[in-house]
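I open the notebook and go through this chain one item at a time. The entries follow in the order I looked things up.

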Amino acid sequence: MISALRLCSALALVCGSWTLPARALAAETLPQELVQLPAELLPLREEIEGVYRHFLAADPAYGRTLEADAARKAQSQRWLPVLALQSGIDRSQKKSLANENEINRGSPQTYLQYGVSLKQNLFSGGTDLKRSEGLRLSETAAQLRHQISWKSAVKQWILDTIQIQFHTELVKFSEEAHQQAQQLNQLAKRKAASGFLGKRELLESEREVLRTSEEVQRNKSNLGQLTQISFLTYGVRNSVGAKSKALEALIRVSNNVLSIPTTQLVDAQAPQSLLWLLAQTETKIAEQELGRTRSGRLTPSIDASVGFSESRQLGAAQSLSANTQNSDRTQQWSVALNGSLQLNPPITFGMVDEALQRLMTAKQTETKTQRELALAFTGSIERLRIVVDRQNVTAKLVGATSKIREQNQRLFEAGELPLDRLILSQQDLDRDRKLLVTLANEESLLRAEMGLSTLWNLPPNSSSAAQP
């Protein structure tokens with residue numbers, strides 16, 4: 001029965017240890033970046049918090065942040081004094097000898113010994129301070145990685161939402177094209193019944209109805225798939241109508257980007273990016289580690305200690321002579337200041353070389369990150385300018401194609417234009433309208449990235465925009 005109870009208790013402890021992280025995550029407070037959102041992101045607060053909580057449970061960067069915080073706190077506790085308690089029982093006997101002959105034998109004595117001491121490290125070659133600084137930098141790097149992780153998730157959710165809006169527009173255009181194809185087919189049937197249209201032209205109109213119907217189904221299928229994948233990935237359902245208005249404030253942040261020279265904008269925003277700050281922090285960690293390794297060749301240490309001990313005799317005291325009597329209790333106080341100098345083994349020199357190479361790697365990584373960020377900013381800005389120019393030209397093209405489509409419609413109704421020419425003009429209009437909405441979608445993606453770079457120091461990814 002007792003063993004069964006112990007087994008149940010052990011299982012309860014194990015189950016509790018597994019459920020503890022989930023409870024901790026549920027009670028975890030939001031980061032400062034979510035508590036004080038920029039005004040442009042306030043309309044998306046509920047969705048952003050939902051995405052953050054969804055990713056928090058499976059984000060290793062968050063766990064490393066907790067590990068770094070615990071390591072820093074553990075290092076700070078090394079400055080606390082060490083309290084030691086001692087106790088023991090000692091039994092001894094004393095006898096006197098003269099020329100191997102025993103002349104006196106004392107009775108056995110039993111003593112109870114106990115004491116307390118307090119030890120405080122005053123100086124340890126500066127290694128404690130350097131280790132604390134290194135752990136603080138490591139915690140900063142872990143926090144930056146966590147910020148990059150969850151902010152990138154929110155950014156990708158925003159970009160996916162823009163893509164869902166784009167596919168919603170495609171569904172609307174394909175439905176309009178299908179409706180026009182049906183109307184054209186009804187007109188073709190009336191003309192064929194009156195003898196003004198041949199069977200081949202009627203088949204062409206029916207084929208156009210089937211083609212537009214297939215396109216509607218394909219676009220709706222793509223939209224449904226994107227919406228479902230977005231919900232499963234981010235844990236937030238997309239309401240396209242509401243999000244289109246909420247995203248406008250974020251997209252407008254980049255309105256002043258085109259008026260600033262590219263090099264000036266890159267110099268202003270790239271050094272503030274989280275990836276740049278993370279690379280700099282890792283370089284500082286490598287530099288600090290190198291300094292701590294070099295200073296570890298000689299390690300001086302100074303400790304202060306204070307202690308009190310007492311030894312109490314158990315039982316009655318025995319007389320050695322008529323004039324003397326043993327004391328039954330002794331006390332001792334001590335205050336000490338101890339110093340030491342430790343010479344570390346030759347392996348330290350190899351550790352210095354290793355730290356030097358680690359620092360070189362960190363500097364090379366920092367340089368690589370800076371170049372990639374400059375390239376990403378430059379590519380995104382120039383791509384945005386190109387897309388804006390193409391969009392202006394395409395808008396004029398759509399207007400011209402619409403006029404041609406209307407004129408061909410009137411000519412067909414008057415019997416002066418074959419049906420296949422009217423269908424081709426309708427297909428040209430659909431193609432130009434899709435190109436325009438595609439360019440508008442790419443512009444929204446680029447502007448959203450530039451807006452998040454300004455508000456959250458999250459660098460743009462020039463490859464994330466669609467390439468028409």
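I computed an accessible surface of about 27,600 Å² for the protein chain. Carbon and sulfur atoms own 56% of that surface. The model is predicted. Of its 468 residues, 35% count as buried.

**Make-up.** I counted eleven helices and six strands in the protein chain. Next I took the contacts between residues at least 6 apart in sequence. Of these, 82% join residues at least 24 apart.

**Confidence.** I checked pLDDT before going into detail. The protein chain averages 81, and 87% of the residues score at least 70. Where is confidence lowest, and where highest? Helix α1, residues 2-26, is lowest, with a mean of 39. Helix α11, residues 419-456, is highest, at 91. Residues 1-27 have a pLDDT below 50, and beyond near neighbours in sequence I find three contacts for this stretch in the model. Residues 463-468 also fall below 50; that stretch has 17 contacts beyond near neighbours in sequence.

**Helix α6.** I tested the length of α6, which runs over residues 199-234. Its 36 residues, at 1.5 Å a residue, should span 52 Å. I get 53 Å between the end C-alpha atoms, so the two values agree.

I moved to strand β2 (residues 95-98) and strand β3 (residues 101-105). They pair in the antiparallel sense, over four bridges. K95 stands opposite R105 of β3. The two strands form a hairpin, and I count two residues between them. N99 sits in the turn with a positive phi of about 50°.

**T369.** I located T369 in helix α10, residues 347-413. Is T369 buried or exposed? Its relative accessible area is 16%. The cut-off for buried is under 20%, so T369 is buried. I then looked at what surrounds T369. Its side chain reaches the backbone oxygen of T365 at 2.8 Å. Leaving out residues up to four places away in sequence, T369 touches L275, W276 and A279.

**L129.** I placed L129 in helix α5, residues 127-194. Its relative accessible area is 57%. Exposed means over 50%, so L129 is exposed. How far is L129 from S76 in space? I get 9.3 Å, C-alpha to C-alpha, for a pair 53 residues apart in sequence.

Conventions. Residues are numbered from 1 along each chain as its sequence is written. This is a predicted model: local features need pLDDT of at least 70, side-chain atom pairs count only at pLDDT 80 or more; totals for chains, interfaces and linings use all residues. Side-chain values use heavy atoms; hydrogens and water are left out. The expected span of a helix is 1.5 Å times one less than its number of residues. Two strands pair if DSSP finds at least two bridges between them. Buried means under 20% relative accessible area, exposed over 50%, partly exposed in between (1.4 Å probe, protein chains only). Contact means heavy atoms within 4.5 Å. Accessible areas come from the Shrake-Rupley method with a 1.4 Å probe; for residues, only the protein chains shown count as cover. A polar contact is a pair of N or O atoms within 3.5 Å; within protein, one must be able to donate a hydrogen and the other to accept it, and residues adjacent in sequence count only if both atoms are side-chain atoms. pLDDT is the predictor's confidence in each residue, from 0 to 100.
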